[in-house]
Amino acid sequence: MSENILILGLQWGDEGKGKIVDFLSEKINAVCRFQGGHNAGHTIKVNGKQTVLHLVPSGILHENINCLIGNGVVLALDALDKEINDLKAVGINFDNRFFISSNCPLILPTHISIDKARDKDESIGTTGRGIGPAYEDKVGRRSVKLDDLADEQKLREKLNTQVNYHNKLLKNIYKRDTHDVEKIFDAILNYKHLFDNYCVDSQSLVNNWITDSKSILFEGAQGSLLDIDHGTYPYVTSSNTTAGGVSTGLGIGPKYIDKIIGISKAYTTRVGEGPFLTELFDQDGEHLARKGNEFGATTGRPRRCGWLDLVSLKKTVFMNSVTDLCITKLDVLDELKEIKICVQYNNLGEPIYQTMKGWQSITEGISNYEMLPQNAKKYIEFIEKFIECKATTISTGPSRDQTIHR
Ligand code: GDP
Ligand code: IMO
Ligand code: MG
């Protein structure tokens with residue numbers, strides 16, 4: 001029987017979505033991205049080899065799986081072209097299995113300049129990939145879309161309008177260099193092969209897959225706390241990272257989503273600015289950062305680290321109708337003597353912790369739940385009970401096989 005699964009992050013991103021998507025892809029026919037852009041960095045480790053994906057769906061390493069970039073994604077053609085070429089160079093085939101929605105808004109170099117200029121003053125700590133400005137233009141109904149590559153004259157006209165508008169902002173408001181429209185036009189035409197080879201009516205494609213009872217995996221990017229509507233605004237990204245994003249970002253109704261797997265690290269991390277109640281500034285925080293190798297997969301920035309926040313996790317589980325919890329990076333807690341877990345906030349909004357005994361033994365690589373140390377099981381079962389959701393997948397290392405499936 002076919003089953004469509006949504007995988008999304010329940011925290012501020014980097015929960016290990018790439019690893020879990022790759023792990024579950026084997027039994028799936030297609031993997032689709034539905035929001036975000038190349039601000040995402042999804043890491044997959046197979047047989048000791050690490051791959052970091054930004055736009056290409058994390059099903060690509062399984063050769064028989066179709067991969068689709070849905071209309072909800074903002075597309076940087078240069079970044080995508082480089083990613084495809086790097087993957088092709090290691091023998092990955094894209095023919096007849098990789099598709100991009102004709103409706104994707106394009107990220108232009110001017111979006112990136114505006115993002116960087118603005119972030120200097122506003123300090124959200126964005127990835128500098130032009131994501132916010134590109135989504136603004138989508139909502140402002142002036143985006144250049146992938147589809148526009150079909151007609152060079154129309155493309156030139158739309159680019160003219162958009163880039164001239166951006167140039168006014170850059171020159172007058174941000175006091176930055178402007179961009180040459182013709183140069184951007186030529187650069188886009190340079191990537192015409194992406195349009196020729198992969199551009200599709202993605203809504204019909206997904207519709208056909210569903211009609212043909214194919215199993216589809218929807219790959220979330222970022223995390224629920226970075227959602228434009230439900231996250232820690234304004235310290236968020238500019239897309240809907242929560243479950244509703246699948247419907248708008250691919251053009252399918254919610255009834256076709258059979259299972260919703262929400263991923264949380266066994267602790268918490270955040271890249272960039274914004275509130276983080278359980279953040280640690282002590283030795284434990286340093287330990288999590290070091291053992292968890294907590295550096296951003298896209299920008300290389302160090303990730304802020306802290307304890308798991310169950311109050312927040314319970315909310316994001318509800319917000320997304322999570323049916324299955326996945327806990328990643330359990331092994332990172334292995335050496336800790338005590339582990340704290342936030343179960344409540346006091347009236348000043350500060351976290352109240354429950355302290356649990358650590359297990360101080362190695363869980364790395366364990367793939368059978370029964371083999372976990374008692375205290376690790378207690379930790380997981382405490383989480384499950386609090387948020388009223390079973391952890392059906394537990395990750396004990398970055399590699400595909402370092403995974404427990406219950
Ligand atoms: P994503 O953005 O959600 O796909 O996550 P990232 O790839 O940005 O960050 C997750 C990082 O943790 C990557 O370096 C993964 O290789 C690594 N990782 C994933 N699961 C585990 C795990 O269970 N244990 C450890 N130690 N590392 C993991
Ligand atoms: P994955 O898919 C972690 C953060 C940025 C910044 C904020 C806004 O790998 O989990 P943006 O460039 O999107 O306008 O930046 O969102 N951010 C992420 N943090 N993981 C990500 O993606 C992120 N994508 C964006 O650091 O705080
Ligand atoms: Mg990431």
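**Entry 1: the cavity**

I began with a term: a cavity is a set of grid points where a 1.4 Å probe fits but cannot get out. I note at the outset that the model is predicted. Counting with a threshold of 30 Å³ or more, I found one cavity in the structure. I recorded a volume of about 40 Å³ for the largest cavity.

Which residues line the largest cavity? I listed His111, Ile114, Arg118, Pro133 and Glu136, together with Asp137, Arg142, Tyr165, His166 and Leu169. I then looked up the elements behind this lining. Helix 3 (109-122), helix 4 (131-139) and helix 5 (152-173) each give at least two residues to the lining of the largest cavity. Sorted by class, that lining holds four nonpolar, two polar and four charged residues.

**Entry 2: the largest pocket**

I turned next to the open spaces. The largest pocket contains about 940 Å³ of space. I counted 50 lining residues for the largest pocket, and those nearest its centre are Asn39, Ile131, Val236, Thr237 and Ser238. Helix 3, helix 4 and helix 9 (244-250) are the elements that give two or more residues to the lining of the largest pocket.

Which element gives the largest share of the lining of the largest pocket? I found that helix 4 does, with seven residues. By class, I recorded 16 nonpolar, 22 polar and twelve charged residues in the lining of the largest pocket.

**Entry 3: ligand 2**

I asked what takes up the largest pocket, and I found that its space is the space taken by ligand 2. There are 20 residues around ligand 2, and Lys17, His42, Thr127, Gln222 and Thr237 come nearest. Thr237 is also among the residues nearest the centre of the largest pocket.

I then checked individual distances to oxygen atoms of ligand 2. For Lys17, an N or O atom of the side chain lies 2.7 Å from an oxygen atom of ligand 2. For His42, I noted 2.7 Å between an N or O atom of the side chain and an oxygen atom of ligand 2. For Gln222, it is a backbone N or O atom that lies 2.8 Å from an oxygen atom of ligand 2.

How much of ligand 2 does the protein bury? Taken alone, ligand 2 exposes 550 Å², and I recorded that the protein buries 98% of that area. The shell around ligand 2 divides into seven nonpolar, ten polar and three charged residues.

**Entry 4: the second largest pocket**

I gave the second largest pocket a separate entry. Its volume is about 640 Å³. I counted 29 residues in the lining of the second largest pocket, and Thr43, Gly292, Arg303, Lys329 and Pro398 are the closest to its centre. Helix 1, strand 3 and strand 4 (49-53) are the elements that give two or more residues to this lining. Strand 3 supplies the largest share of the lining of the second largest pocket, namely four residues. By class, I found six nonpolar, twelve polar and eleven charged residues there.

**Entry 5: ligand 1**

Where does ligand 1 sit? I located ligand 1 in the second largest pocket. The elements that give two or more residues to the shell around ligand 1 are helix 1 (17-25) and strand 3 (42-46). Helix 1 provides the largest share of this shell, three residues.

I counted 18 residues surrounding ligand 1, the closest being Lys17, Gly41, Thr43, Asp331 and Ser395. Lys17 is also listed among the residues that come nearest to ligand 2. By class, the shell around ligand 1 has three nonpolar, eight polar and seven charged residues.

An N or O atom in the side chain of Thr43 is 2.6 Å from an oxygen atom of ligand 1. For the side chain of Lys329, I recorded 2.9 Å between an N or O atom and an oxygen atom of ligand 1. A polar backbone atom of Gly397 is 3.0 Å from an oxygen atom of ligand 1. Taken alone, ligand 1 exposes 580 Å², of which the protein buries 92%.

**Entry 6: two backbone details**

Finally, I looked up the backbone at two places. The peptide bond from Tyr233 to Pro234 is cis, with omega near 0 degrees. I placed Pro234 in the loop between strand 8 (216-219) and helix 9. Asn47 has a phi near 50 degrees, a positive value in a residue other than glycine. I placed Asn47 in the loop between strand 3 and strand 4.

Key
Residues numbered from 1 in each chain as written. Chains lettered and ligands numbered in written order. Predicted model: local features only at pLDDT ≥ 70, side-chain atom pairs only at ≥ 80, totals over all residues. Heavy atoms only, no water. 1 Å grid on protein atoms, 1.4 Å probe; cavity = no way out; pocket = protein on both sides within 12 Å on 5 of 7 lines; lining within 4 Å. Points joined across faces, edges and corners; volume = space filled by probe spheres on them. Nonpolar A, V, L, I, M, F, W, Y, C, P; charged D, E, K, R; others polar. Near = heavy atom within 4 Å. Polar contact = N/O pair within 3.5 Å; in protein donor to acceptor, adjacent residues only side chain to side chain. Areas by Shrake-Rupley, 256 points an atom, 1.4 Å probe, with all protein chains shown as cover. Sits in = over half its atoms within 2 Å of the grid points.
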